[in-house]
Amino acid sequence: MDVQYIGEHLWAGQLGQLAVFASLMFSAAAAIAFGVGQYGKVDQAGWLRTATLAFVIHVGAVVAIAALLFLIIQNHWFEYYYAWAHSSRELPKEYLLSCFWEGQEGSFLLWMFWNAVLGLVMLWRRPPAFAGVMAVVSVVQFFLSSMLLGIYVFDYKIGSTPFALLRHEMQDAPIFQRADYLSFIEDGNGLNPLLQNYWMVIHPPVLFLGFAATLIPFAYAAHGLLSRKFTAWARPVLPWALFAAAALGSGIMMGGAWAYESLTFGGYWAWDPVENASLVPWLLLIAGIHTNVVYVHTGRSLRMTFLFYLLTFIFILYSTFLTRSGILGDTSVHAFTDLGMSGQLLVYMGALSLPALMLLVLYWKKIPSIAKEEEAFSREFWIFVGTLVLLLSSIQITFSTSIPVWNKLFGTNWAPPADPIEHYNKWQLPIAIVVLLLSASGLLLRYRTSDVKKFGRQTAAFAAVSFILMVLLEWHFRFSNAAGWLLLFASLFGILVSGYLLGRSLKGRIRVSGGAVAHFGFALLLLGILISSAKKEVISINNGMPLGAGFTEEQNRTNVLLLKNMPVTMREYTVTYLGDSAAPPNYYYKVLWERFDTATGLLREKFLLLPNAQINPRMGLIANPDTRHYWHKDLYTHVTSVPDKSKPMERGEPDFTEHTVALGDTIRLQRSVIVVESLGKAQARQGQNWQPDDLPVEVVLTIRMNDGRIFQARPIHLIRDLRVFHLDEHLPELGLTIRLARILPVEQKLILAIEETEPEQDFIVLTAIIFPYINLVWLGTIFTVLGFIMALVQRHRLATT
């Protein structure tokens, strides 16, 4: 007999699954109709109307899926596995959106949503050959919709539905044999603590908007090959490519900001495999944009524009496979677990990649090109060389990131780089230097031909000023290695050249300066990366105290033990741990920082930092840094070890020693002296409520520790209904428990019962790092994205005039 389950909101899941099927079917219909409308010869207008209607219905289905899933999460309907696995009742409302895309199904849905939005924009604008582009977009939507099916075909599961019921995913658990099982599920599993950050509300939507936007250049290029109209697409695609570069670049750097504020490796980029997988498509897209611009101005590099735009989206697909197939294992903190869709992901990647690349190979020689070689001193030649360098960069990153893939394919046992930062920097640092020099020098050249002497004079002048500035900055920062000097020189050279051109363009029309702004921002970004990374300074230097077996030798050197209320000096700061500020399991640790003038001793600065740490039952210590921001540096702190206060210490009956004292007397103990100050009626404290006939008496005690610290205690002697109650003062950090045992009114004395034990040390272990001029990183990012947007607006205006 089937169990009739109580309280389930089955209608939401049923409607959601119906919307998934509608999304799948209407995206397929739209792909076919757009294809026939673009490439067929019969009733093209009728087919396009049908295709448009089908795509609009598909968009409605996508919105319905998203709305129903968010409804399930928001209402905490834990009968659905997705809501139970990714949310909880105690989660702040601002993080409910993060629950939406924490899981694979939700992130696929987010990707589909942005594709749908961009598709609607394409339908609204209806540029030439829009139907060919929309056919490719609809095919991609079909594949993405299949990722949400969660059905079996011949024992093979296709996709994973976000509307799966918890009792189906855990059907062997005995609880699901009960009709009222929901009454036993009080809360969900909760959102990963690392994702409970405002950047994770913003970063994924922007990143997936970038992923979605790379589809449009890919679709344009694919349409150009399918239609064999190899040149018509090159101008209208450029604004879309610039938008994709802005969105994807913003998403990547928002991920860096999240890592900086939420993770504890001490930085914003760790060459994590998933970080790399999003960076490579952006590098290829930048290369494609530059060759596209070259083609628009000179008619050259069209073949490379095809190649770069196709590879950009192909590597988006490859990054999806790396992230979601489980093949990365433990090599990435960002990767999803394998939901059994590896084969489906490979089919998705192959079905879109192989036909596109085969068409490119087939028509390579038919794509128009200029037989005559470029002039060596022309902008297009230097751009072409720069794009090849970006391609080389992408190959190196992809090869190293794909080591788990090579091991799987060839049965090898290569180990990923033991120190990823050192490994990738060894290759990417020289590449960054070359790209900066080529891109800046290229800005001084003209298309087709240039005045070589003028170019030489300008280059020499900028190089000379850059060298002087490099010497001055080297004297200040002391990079002390050739790679640092060269990157410093190249960054300054790029800033000066692009700044000069930006200034010139500002005298005319600001709209033409987008390229200069983007190049200026990129050079500023790399300068910020160089200074903040190479010259970061750990100021939490351990004086030799061993921190325990869980710390490596390097960690032992760069972490400091802070005992509660015990000041410690860290460079120019005096640092004091004041205690935690919340109840378990989530603690914010109050750390007071004071900076004194070295000459006068006067207090110059005082502030409180609240690094967060919690001991998670599944993940161990989860720490979120806290940072003091200055215009020229960041003081970055995070906790690396804390006592587990979720497990209170069991205390037995106190072993008191009695002391008979009068007011003004002192009691000398091993670590302190207690002064009896006064005796009087006790005021009710928080959580206390005196009854009308109560007689509460408290004694005020001053406790002077041997190390100079001073505390106050107020034990209470309460008489209620002719019975005596003792409200002891328990001071675990001092190792004291004090009871007002009796009051002797005739002798005008009182008896204090005191237990003195070893203090329960409240402590944290803290890392503190100075990141100099890290704001250059964020400022450079803003300028780069702003440059893309300005160039987008200009190219859009040119395309519509």
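**A buried histidine in a loop**

Mentor: His-76 has a relative accessibility of 16% and therefore counts as buried, where buried means under 20% relative accessible area, exposed over 50% and partly exposed in between, with a 1.4 Å probe and protein chains only. The phi of His-76 is positive, about 55°, although the residue is not a glycine. His-76 sits in the loop that runs between α2 (44–74) and α3 (81–86); helices are DSSP runs of H or I with at least four residues, strands are runs of E with at least two, and both are numbered from the N terminus.

The model is predicted: local features need pLDDT of at least 70, side-chain atom pairs count only at pLDDT 80 or more, and totals for chains, interfaces and linings use all residues. Residues are numbered from 1 along each chain as its sequence is written, and side-chain values use heavy atoms, with hydrogens and water left out.

With a relative accessible area of 48%, Arg-448 is partly exposed.

Now the whole. The protein has 20 helices and 23 strands, and 54% of its 801 residues count as buried. Its C-alpha trace spans about 115 × 85 × 55 Å along the principal axes. Among contacts with a separation of 6 or more, 69% join residues 24 or more positions apart, a contact being heavy atoms within 4.5 Å.
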